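Please read the numbered points with the model open alongside.

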Amino acid sequence: MVFDIELIRKVYGSFAARVEQARKVKGTSLTLAEKILYAHLYDASDAKAFRRGVDYVNFRPDRVAMQDATAQMALLQFMNAGRDRSAVPASVHCDHLIQADRGAASDVSTANDSNREVYDFLKSVANRYGLGFWKAGAGIIHQVVLENYAFPGGMMIGTDSHTPNAGGLGMVAIGVGGADAVDVMAGMPWELKMPKIIGVKLTGRLSGWASPKDVILKLAGILTVKGGTNAILEYFGDGAASLSATGKATICNMGAEVGATTSLFAYDESMARYLRATGREEVAALADGIAGSLRADAETAAEPEKYYDRVIEIDLSSLEPYINGPFTPDAAHTISEFGAWVREKGIPQRMEVGLIGSCTNSSYQDLSRAASVARQAAAKKLETKAKLLINPGSEQVRYTAERDGILQSLLEAGGTVMANACGPCIGQWARHEPDNTRPNSIVTSFNRNFAKRADGNPNTHAFVASPELVMALTIAGDLTFNPMKDTLQNAAGQSVMLDEPKGDELPASGFDVKDNGYVAPDPHASGEVAIAAGSNRLQRLEPFAAWDGNDFTDLRLLIKASGKCTTDHISMAGPWLRFRGHLENISDNLLMGAVNKFNGQTNSVLNTLDGSYDGVSSVAKKYKAKGIGSIVVAEENYGEGSSREHAALEPRFLNVKVVLVKSFARIHETNLKKQGMLALTFADPADYDRIREDDRIEVTGLKTFAPGSRMTVTLRHSDGTSESFEANHTYNEQQIKWFKAGAALNC
Ligand code: F3S
C-alpha cells in the first residue's frame, strides 16, 4: 500500500472537533476551505477569527510532494536541516526530466542514462530520509498523487505550481518552493497568509463537446492570470457534483493559471467512486464517516455572497468549448468565435501538432474521450492532418488504457505515445524542426502556453483546449475547424461531421498496472548521501551570507524587464532542467527570457562597468566579482507561472539584492523572501518609468525594516540629477528575520 492510512485516520480523528472549534471562534457558518485550513492549524489552540488576505497563519500540512526538477534543490536544502527522517510523509516523482523524442520506451531509457546521477541522488535521498520514490516513467506527479495520496479534507504542499490538482479529491493542495517543503519535512510550521475565498457556483450539466477543461478556460478569461491571487477557488453547486473526480482535478489544476493559492471541491459520490476505483475503499469509508465536515456548511450555498469574497456563477448546460491562447492561458475564445479571430489576427491557420497529456488532462476519462474522436478518423475515412503526441498521466492510466484499446485508437489515428511524463509541457520536446523560429500553431491539452514553453520556438502559437477538442483539431489540421458545426472532406470526397465525444469516467473493468514505478524507502537507512565531486549536475549548497546591517547603496540596474516576466522568463526550463541541482551552473540562464525595456531584446543588458551589452547572467557575474549588488525591475505579476525557486535562488546567488516590481505572483514573492532577497513593489507604478538604464540606485529604510514600513528608492542619474520614490513590501516579522539572517534556512 502506497498511501498512509494511519495518517488519514489521525487527520479525520480530530477533524470534526477542529471544525466545531473554528465555527465557535469565527461565530459563523464555514466554507469548506476554512474547515480544512482550521483543521490543519499548526497549533489548534491558536485558532481565532483570522482575517482573510491579512493574517499570516501557521499550518501543519499532512504531506509533501516533489517533482524531480524542484526536488533536487529542495532535498539539497533538507540535507542541511539536520533531520534523520522527514517529519511528514513525502514523495519524489521523476517526471520532468524525460525528453519526448522517439516514444515511451526509448525516451525513458535515454532519460535513465542521461539523468542517472540525478535519479540516483533523488532515490538515495528518498531512501535515506524515508520518502516515497517514483521512478522515471511512473507518471506525472499530480496524476500519481491523485491516484495514490490525495484524500478529501487533507492538506498538502508540493514543489510544483499545479499541486492544486489534488483539489479534485477535496484536498487543500498548494504549490510552494523547495524551502517551504524543507520547513514542513523538518516538522516546522508552514506559514501562509489566510487566503481570500472565491466561490464558483456551477449549475447545470456538461454535454456534447463541453468538458471540465472548458470550465476553467472560461474562468481564466474572467479572472485573468492575476484574478485568483491570494485566494482559494471553492467550487460548489449541483454542477460541481455532476463532474468526475478527474474532471474536478483538471479544473483545480488550472486554478494555478489564474494565480489562485489553490482550488477545491467538496467530497461527493464521484470522489468516493474514484477512491474506490484506485484501491482506496478504506479512505472512501473513512471520508463517508465525516462527510458532513468535508463540505461547506449549507448556509454558505444559500447566501454565498455573505461567505465568499467574490462569487462567480457558471452554467455548465450552456458552456461552450474554449480554446485559450496564444502565449497566455487567459486569452479565452469560445470555439464558435475562434475561427474568425484566427483569420482576423493572421495566426497561422494550419494546425501542426496536437498534444494530449500533461498533469492537467491525462486521466483515463480524458484519454477515452479523445479516443472516441480518434476512432472516427478511420470510421469516417478521414486522414489525420496534424501530428499527434500523447503523454499518459501515469503508468496505471497507460496500462489500463492500453488494455482497453484506447491507446490503440489513438495510435491508429496517427498518434505516438510518449512517456508517462511532462515532456513537451515543460519544453522537453525534441520537435526536430529545421527552423525553430518559424511561425506555426499547435494545440495542447496542457495548462500553460507561454512563449517558447513547449518547443523553445518564440513563434509557436500554442493554444490550450480539452483533449477531445485537441483530437478533433488534429484530425482537421486546421485551427479554424469547429467540430460542433463544420464538416470535413473524407477520402471518398464526402462531407462528414465528427460525432460528439464519449468516454468513461472510470474503466469498467477497474484500473490495472504491472509495475507502477514506486520504490518504497528502507525504514532502517542511515548514513551520508554522496554527491560526486566535480559533478556538473549536483552541487552542495553553501548558506547565503546574512544581511550586513546597511542600506543598499550603489546598486546597478541589472535589467528593467518589459511586459510579462514569468518564472520561465526568469529561469528557463527545457535544456536548463538538467542543472536544477547545481545552482552555479543553472544561474547562467538568469532572466534570459526577459525583454530589456531599453532595447527590446532578450538577454542583452548594459554592463555599466564598461558600457558594453552582454547576457544578464554574465553582467550579474561581473558585478558580483567586483562586490557590486544589483537590482531587477519589472512590471505586473512578476514571477507568475511556476513555483520554481531557482527563479529566486539564481538572482540571490548572483548578488542581486532587490527585486522591484509593479506586482508579484504569490509563490515567487515568498520564494524571494525565503532566499533572503528584498522583494519590493512600487508605491506608484508610474515610478517604473523613472528608472534609467545607467542609474546608480539606493534602497534605504532597511534599518527600520518592520511590517508595513516603506523603503525609499533613490535614483542617481548619470546626468548628475537624482530623484526618489517610495516602495512597499509585504514582509511580516518572521520574514524580516529571514531577510536579516540571509535566508529562511539560516534562521
Ligand atoms: Fe509537468 Fe506540465 Fe504538469 S510540467 S507537472 S505536466 S504543468
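Helices (H or I, at least four residues) and strands (E, at least two) are taken as DSSP runs, numbered from the N terminus. The model is a predicted one, in which local features need pLDDT of at least 70, side-chain atom pairs count only at pLDDT 80 or more, and totals for chains, interfaces and linings use all residues. Residues are numbered from 1 along each chain as its sequence is written.

1. Histidine 432. This residue is placed in the loop between β16 (415-417) and β17 (440-444). Its phi is positive, about 55°, although histidine 432 is not a glycine. A residue is called buried if 20 or more other C-beta atoms lie within 10 Å of its own, exposed if 12 or fewer, and partly exposed in between, with C-beta atoms placed from the backbone. Histidine 432 has 8 other C-beta atoms within 10 Å and is therefore exposed.

2. Asparagine 655. A positive phi, near 70°, is also found at asparagine 655, a residue other than glycine. Asparagine 655 belongs to the loop between α23 (646-653) and β27 (656-661). It counts as partly exposed because it has 18 C-beta neighbours inside 10 Å.

3. Proline 326. The peptide bond that joins glycine 325 and proline 326 is cis, with omega about 0°. Proline 326 is located in the loop between β12 (322-324) and β13 (332-334).

4. Helices α1 and α2. The axes of α1 (residues 5-26) and α2 (residues 32-39) come within 8 Å and cross at roughly 110°. Such axes are lines fitted to C-alpha atoms, for helices over the stretch in contact, and the angles run from 0 to 180 degrees between N-to-C directions. Since angles of 65 to 115 degrees count as roughly perpendicular (under 35 is roughly parallel, over 145 roughly antiparallel, the rest oblique), α1 and α2 are therefore roughly perpendicular to each other. Phe15, Arg18, Val19 and Ala22 in α1 meet Glu34, Lys35, Tyr38 and Ala39 in α2, where contact requires C-beta atoms, placed from the backbone, to lie within 7 Å.

5. The open sheet. Six strands, in the order β6-β5-β2-β3-β4-β21, form an open sheet with mixed pairing; two strands pair if DSSP finds at least two bridges between them. At the edges stand β6 (172-175) and β21 (518-519), each with a single partner strand, so one side of each has no neighbour in the sheet. Within the sheet, β2 (residues 63-67) and β3 (residues 90-93) pair in the parallel sense over four bridges, and alanine 65 stands opposite serine 91 in β3. Helix α7 (residues 178-185) lies across β2, β3 and β5 (155-158), running at about 145° to β2.

6. Strand β10. Parallel pairing over four bridges also links β9 (residues 231-236) with β10, and threonine 262 in β10 is the bridge partner of isoleucine 232. In a regular strand the side chains alternate between the two faces of the sheet. Both faces of β10 (residues 262-265) are covered: Thr262 and Leu264 on one side, and Ser263 and Phe265 on the other, are all buried.

7. Threonine 567. This residue is in helix α20 (residues 567-570) and counts as buried because it has 26 C-beta neighbours inside 10 Å. Leaving aside neighbours within four places in sequence, the contacts of threonine 567 are Gly639, Gly641, Ser642, Arg644, Ala647 and His668. Its C-alpha atom is separated by 9.3 Å from that of glycine 593, which is 26 residues apart along the chain.

Technical notes
Contact = placed C-beta atoms within 7 Å.
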